[in-house]
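My notes follow in the order in which I checked things.

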2 protein chains.
Amino acid sequence: MKIYLGCIPCFARQAVEAAEMATNDHKIREKIVREALKVASVIPFDKTPPHMGKEIHRIIRKTVGNNIDPYKSLKDKYNKKAMKIYPEMKEIVKKSKNPLETAVRITIAGNIIDFGITTTDSIIHLMDIVNETLNRPFAINHFASFEKDLQKAKKILYLADNAGEIVFDRILIEEIPDYKERITLAVKGHPIINDATLEDAKQTGLTQLVRVIENGSDAPGTILEECSEDFRKEVKSADLLISKGQGNYETLSETSYNVYFLLKAKCPVIAGDLGVNVGDIVIKKGNYNG
Amino acid sequence: MKIYLGCIPCFARQAVEAAEMATNDHKIREKIVREALKVASVIPFDKTPPHMGKEIHRIIRKTVGNNIDPYKSLKDKYNKKAMKIYPEMKEIVKKSKNPLETAVRITIAGNIIDFGITTTDSIIHLMDIVNETLNRPFAINHFASFEKDLQKAKKILYLADNAGEIVFDRILIEEIPDYKERITLAVKGHPIINDATLEDAKQTGLTQLVRVIENGSDAPGTILEECSEDFRKEVKSADLLISKGQGNYETLSETSYNVYFLLKAKCPVIAGDLGVNVGDIVIKKGNYNG
């Protein structure tokens with residue numbers, strides 16, 4: 001998905017929020033935001049939105065310091081919040097008529113944890129979101145095809161989205177037969193907004209569950225040409241990609257891999273691109289024709 | 001009120017919305033938004049937010065044409081909408097225990113018509129807003145002082161805010177004794193967002209009610225140094241200014257005229273500056289110590 005004009009105000013909001021989290025120094029905040037506006041004023045619109053997210057955080061690292069991770073404590077907090085409701089979510093899956101579909105729904109519910117989109121730290125009641133998502137119709141529903149492809153696939157690459165959210169991903173992963181052998185989980189190579197990194201996968205027990213790899217990139221999505229060569233090889237050799245969240249959709253929607261996009265449409269631009277309403281849940285097969 | 005960091009995303013939104021209203025040509029929209037981002041990246045933070053609104057519309061005129069008024073049809077629509085409920089509002093004032101205070105409340109309710117703040121054209125039920133505002137406590141309440149100053153003032157300058165909203169201003173003006181002799185209504189010198197101009201004052205009958213003057217400026221507020229000399233003289237010679245809405249507050253809050261700010265706090269930045277909550281209604285005396 002390319003950058004739409006409607007993405008621009010969101011870029012500005014992301015820059016302000018990230019600057020405010022990165023430093024208390026008002027002069028430095030101002031410098032970060034001004035620099036981000038300059039980059040936004042010339043960014044090619046044939047790039048994807050996560051290009052801009054990446055640029056904002058590069059500006060922050062350049063200005064505040066290389067080791068800065070403004071979202072670290074929020075990420076820890078949401079990992080813990082999600083771990084707390086993990087047993088309850090497992091129970092729901094166990095009792096449901098179609099555990100795989102229920103796990104897909106719960107995984108999508110976890111997509112609400114997204115500080116690239118919502119105002120920071122405004123979500124408290126994760127279980128309310130889970131329960132709402134269990135009963136919401138899919139706006140795009142390629143679940144049947146997903147289930148079939150899951151049975152066939154030998155190598156599944158699961159592209160994680162955010163910290164906290166990966167606990168919800170764990171719920172789906174554990175419902176996929178032979179997941180230990182078949183699934184590799186990919187996380188970001190460097191901290192970017194609240195995207196899940198190797199550290200988050202460790203914190204939430206996912207490294208003990210499946211093989212976890214880093215994609216080598218600091219973009220809040222999967223910009224393949226910026227990922228490591230090793231990661232690109234993993235993508236090419238996978239039979240099936242599970243792409244979680246908006247950032248991965250934005251960066252992979254026009255590729256032709258055998259990919260399923262699992263997400264909640266949280267902004268009007270993405271909802272428009274998908275032809276659904278804001279708030280809708282989606283499991284959508286990509287352009288693969290193999 | 002100076003520009004806060006939190007104003008920046010709003011500037012970007014205003015630029016996108018105005019560009020979308022000004023032209024259907026995507027390339028030109030993009031050009032407008034890029035140019036606006038460039039200006040925002042260097043705008044001095046000791047300016048007031050309406051400086052940026054003004055810049056955006058200057059960019060639009062420069063790019064699309066001098067006579068462009070993207071908001072013209074929306075303004076006409078809201079003038080008509082407001083005129084339609086004018087009799088009902090008059091009836092409420094007539095029946096109320098304190099007609100002047102009720103008129104102040106109704107005038108503030110009209111401040112909801114603001115396309116600089118809310119997403120364009122999302123407000124339908126103006127009477128609902130009026131009724132809600134009649135029963136809402138003032139977050140800052142200098143009404144008693146306002147009433148006293150009104151009795152004394154010989155020359156009152158009423159700074160209008162938006163089209164449509166001026167019909168609500170009419171409700172207050174008509175409750176002020178000897179308004180025909182004492183009140184001058186000031187509108188913007190050129191179209192800017194949905195701010196009221198002479199054309200709107202004519203459409204809504206205000207030119208037949210009181211003397212109406214233009215401020216000579218194209219900013220969505222009252223940037224005195226950019227207004228005409230004639231207008232500045234009017235400001236100086238007035239005993240009392242009635243300042244309506246956010247834009248006028250933003251540009252006059254730090255002056256020391258005998259001014260009362262009547263507004264609904266619609267954005268977190270202004271609410272923060274005033275020390276109130278978003279949605280609160282305010283009648284606030286300025287810094288005057290005469």
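At what angle do helix H4 (residues 72-95) of chain A and helix H8 (residues 165-173) of chain A pack, and how far apart are their axes? I note before answering that this is a predicted model. I found an angle of about 25°, with the axes 8 Å apart. Angles under 35 degrees count as roughly parallel, so H4(A) is roughly parallel to H8(A). I then looked up the handedness, and H4(A) passes H8(A) in a right-handed crossing.

Next I listed the residues at this contact. From H4(A) I wrote down A:Asn79, A:Ala82, A:Met83, A:Ile85, A:Tyr86, A:Met89, A:Lys90 and A:Val93. Their partners in H8(A) are A:Ile166, A:Val167, A:Phe168, A:Arg170 and A:Ile171. Sorted by class, the contact of H4(A) with H8(A) has ten nonpolar, one polar and two charged residues.

**Entry: H1 and H3 of chain A**

I moved to helix H1 (residues 8-22) of chain A and helix H3 (residues 49-64) of chain A, whose axes come within 10 Å and cross at roughly 30°. H1(A) is therefore roughly parallel to H3(A). The crossing of H1(A) past H3(A) is right-handed.

On the H1(A) side, I noted A:Phe11, A:Gln14, A:Ala15, A:Ala18, A:Ala19 and A:Ala22 in the contact. H3(A) contributes A:Pro49, A:Met52, A:Gly53, A:Ile56, A:His57, A:Ile60 and A:Val64.

**Entry: H4 and H6 of chain B**

In chain B I checked helix H4 (residues 72-95) against helix H6 (residues 126-134). Their axes come within 10 Å and cross at roughly 30°. H4(B) passes H6(B) in a right-handed crossing.

Which residues of H4(B) and H6(B) meet? I found B:Lys81, B:Ala82, B:Ile85, B:Glu88, B:Met89 and B:Ile92 in H4(B), facing B:Leu126, B:Met127, B:Val130, B:Asn131 and B:Leu134 in H6(B). This contact of H4(B) with H6(B) has eight nonpolar, one polar and two charged residues.

**Entry: domains of chain A**

I looked up the division of chain A and found domain 1 (5-64) and domain 2 (72-285). Taken over C-alpha atoms, the centres of domain 1 of chain A and domain 2 of chain A are separated by 25 Å. The contact takes 16 residues from domain 1 of chain A and 21 residues from domain 2 of chain A.

**Entry: the two chains**

Key: Residues are numbered from 1 along each chain as its sequence is written. Chains are lettered from A and ligands numbered from 1 in the order in which they are written. This is a predicted model: local features need pLDDT of at least 70, side-chain atom pairs count only at pLDDT 80 or more; totals for chains, interfaces and linings use all residues. Side-chain values use heavy atoms; hydrogens and water are left out. Axes are lines fitted to C-alpha atoms, for helices over the stretch in contact, and angles run from 0 to 180 degrees between N-to-C directions. Helices (H or I, at least four residues) and strands (E, at least two) are DSSP runs, numbered from the N terminus. Angles under 35 degrees count as roughly parallel, over 145 as roughly antiparallel, 65 to 115 as roughly perpendicular and the rest as oblique. A crossing is left-handed if the near helix is turned anticlockwise from the far one by less than a right angle, and right-handed if clockwise. Contact means heavy atoms within 4.5 Å. Domain bounds come from an automatic or database domain assignment. Ala, Val, Leu, Ile, Met, Phe, Trp, Tyr, Cys and Pro count as nonpolar, Asp, Glu, Lys and Arg as charged, and the others, Gly among them, as polar.
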